[in-house]
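Some notes on this entry follow, arranged by topic.

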Amino acid sequence: MGNESRGHPPVHYRCVGVGVGPANLSLASLLHDHADVPNLFLDRKEAFAWHDGQQMPGSTLQVSLFKDLVSLADPTNRFSFLSYLHEQGRVHHFLNAQFSAVPRQEFRNYLAWAAERNPHVVFGEEVHEVAFDRVFRVRTSRRTITADNIVVGVGSSPYVPPQARELLGPTQFHVSEFIMKAVDLAGKRVTVVGGGQSGAEAFLDLITRPAADRPRRISWLSRRRTYLPIDDSPFTNDFYTPSFSDHFYRLPADARRAVNRDTLLSSDGISEDTLRAIYQQLYVHRFVEGLPDLVGLYPNREVTTVTRGVRGNWEITARHNDEPHAAEQHEADLIVWATGFRPAPATFLAPIAGRLEREGDEFRVDEDFAVRWDGPPQHAVFLQNAVRAQRGLADVNLSLNAWRSRRIADRLRGVRSDDPLASFVEWSSKPDSKQTWNGR
Ligand SMILES: Cc1cc2nc3c(=O)[nH]c(=O)nc-3n(C[C@H](O)[C@H](O)[C@H](O)COP(=O)(O)OP(=O)(O)OC[C@H]3O[C@@H](n4cnc5c(N)ncnc54)[C@H](O)[C@@H]3O)c2cc1C
C-alpha cells in the first residue's frame, strides 16, 4: 500500500531520478552533499548492474578513466574513480598494472560502489507513472511520492531488426544476453551479426575459447564495408567536449543530422586493441593451428531473412551491398544479434507527454537538458542520454556525463558553475570579426 493511501501526504523531493545507470548515478553523486536539494533516485533492477550480460572477459572501457561519475565536473567529489581505488586500498596496484584501458568489469564495480554508498539511490522500485498537479506525482511499484523536478535516465534498450524479433530465444538473442546464453557451443556453428564494438567483442570471445569449448564455425556479418575502427584521435575527441556539445545544440537540425552521420565512427567503431586481438587470433587459427575453416568474415552484407531450417538450424540470407542481386546463404545453430541499442521509451511520462514539446523522435530540451513544456518554469523534466539529435553522439556516451549532470544540478540549485575553456577549434563561424593568419 502506498504512503498516500495510508493517509500520509506523499514524501516530497526537490528531484526524483528515474533509472540508475551511469547518467543518473553521476547526478546522484554530485547532489549527495547538497542537503538543499532533497533527492531520490529509483531503479527497477534489484541491485546495481551495468551491461552485465556483456562483461566479456578482457573487455575494457572505451573512454579515459577521468570520465567517471564526477571528476570532469567536480574533481574533489568523494565518488570519483580515484576515490574508489583509494578506499579499496588498491590505488598503487592499479597504477602498477599499467592498464592501457580500465577493465570494464572494474569500472562496473566502481559504479556499484558509488551506488551502494549513496543512501538516496534505491533499487527494486520501478517508476510506473509521472503526472503533474502543481508538483510532479510519481507512482512507483511501491508508493507515490512528489517532486519539483524529474530527471529521466532510463538509458537504452537492445535493438534487433524486425526480421528476427519473433524468433528470439535460447539460440537467437541480442548480444546484451551474451554471457548468459552463449554457452555450451562446442561443435556448433555460430553467427554474429553486427560490426560495432559489441559484435567484435562477441566474435573475439568465441574465437578465443579453448578448443574443447569452441564452436566448429564462427561467422561475422556486418553491414559496414569492413570492420572499422573507432576514431579516438585528439581533434575527433573534441566532439566529446562541453563546448562542442553547446555548439552542436545551436546548429540547425539538418546540420546536426549531418554531423552525427559524418562522425558516427567516433562513437560506434571498434577499438583498435579489439581489432588487433581478433586479427592476431585469426592468424594463429589459420597459420599456427591449421584451422582454415574455423571462421568466416562477411562484411558489407545485410541480413535480409532468417528462417528455421529442416534440421532445426537457422538459415540466414544476406545481400551483398555491392552485388545486391546475389543472395548469399549462411547456416547457423546460434545467432548473436549485435545490432545496437535504441533509446528506452519513457512510457511512464504518458500522463504529461502531451504537454512536452517534441523534435522528431525526441523531446525538445533547453540548454540545461530540461524538456520544454507548457508547465510552470520552476518545475522541469530533465533528460539524460536521450537527445542525441539535439546534443550529438556524446549524449549517449560516458564522456559528458559529469558535465551534463552538473548543468542539471546547477539548475536545481539555482547556481551556474563555470564551463571548462572552449576548444582550440572555432566551431562556429565568426561573421563579424576579421580572421587573419595571426588572429588579429
Ligand atoms: C556493453 C556496453 C559498453 C559500453 N561501454 C561504454 C564505454 O566504455 N564508454 C562510453 O562512453 N560508453 C559506453 N557505453 C554506452 C553508455 O555509456 C552506456 O550505455 C551507459 O550505461 C548509459 O548510461 P545510462 O545511465 O544512460 O543508462 P543505463 O546504464 O542503461 O541505465 C538505465 C537504467 O534505468 C533503469 N530503468 C529504466 N526504466 C525504469 C523505470 N521505469 N523505473 C526505474 N528504473 C528504470 C534501468 O533498469 C537501468 O538500470 C557502453 C554501452 C554498452 C551497451
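1. Helices here are DSSP runs of H or I with at least four residues, numbered from the N terminus. With that naming, α9 (242-250) and α10 (253-262) each contribute at least two residues to the lining of the largest cavity. The model is a predicted one.

2. The cavity count, at 30 Å³ or more, is three. The largest cavity holds about 60 Å³ of space. Its lining consists of Phe-239, Tyr-240, Phe-244, Phe-248, Val-259, Asn-260, Thr-263, Ser-266, Gly-392, Leu-393 and Ala-394. Sorted by class, that lining has seven nonpolar residues, four polar ones and no charged ones.

3. Trp-427 sits in the segment after α15 (401-413).

4. Leaving aside residues up to four places away in sequence, Trp-427 touches Asp-238, Phe-239, Ser-243, Phe-244 and His-247. Between Trp-427 and Phe-248 the C-alpha to C-alpha distance is 8.9 Å, with 179 residues separating them in sequence.

5. There are 30 residues around the ligand, and Asp-43, Lys-45, Gln-62, Asn-385 and Leu-398 come nearest. A polar side-chain atom of Asp-43 is 2.6 Å from a ligand oxygen atom. For Trp-50, a polar side-chain atom lies 2.7 Å from an oxygen atom of the ligand. Pro-22 places a backbone N or O atom 3.2 Å from an oxygen atom of the ligand.

Conventions:
Residues numbered from 1 in each chain as written. Predicted model: local features only at pLDDT ≥ 70, side-chain atom pairs only at ≥ 80, totals over all residues. Heavy atoms only, no water. Contact = heavy atoms within 4.5 Å. 1 Å grid on protein atoms, 1.4 Å probe; cavity = no way out; pocket = protein on both sides within 12 Å on 5 of 7 lines; lining within 4 Å. Points joined across faces, edges and corners; volume = space filled by probe spheres on them. Nonpolar A, V, L, I, M, F, W, Y, C, P; charged D, E, K, R; others polar. Near = heavy atom within 4 Å. Polar contact = N/O pair within 3.5 Å; in protein donor to acceptor, adjacent residues only side chain to side chain.
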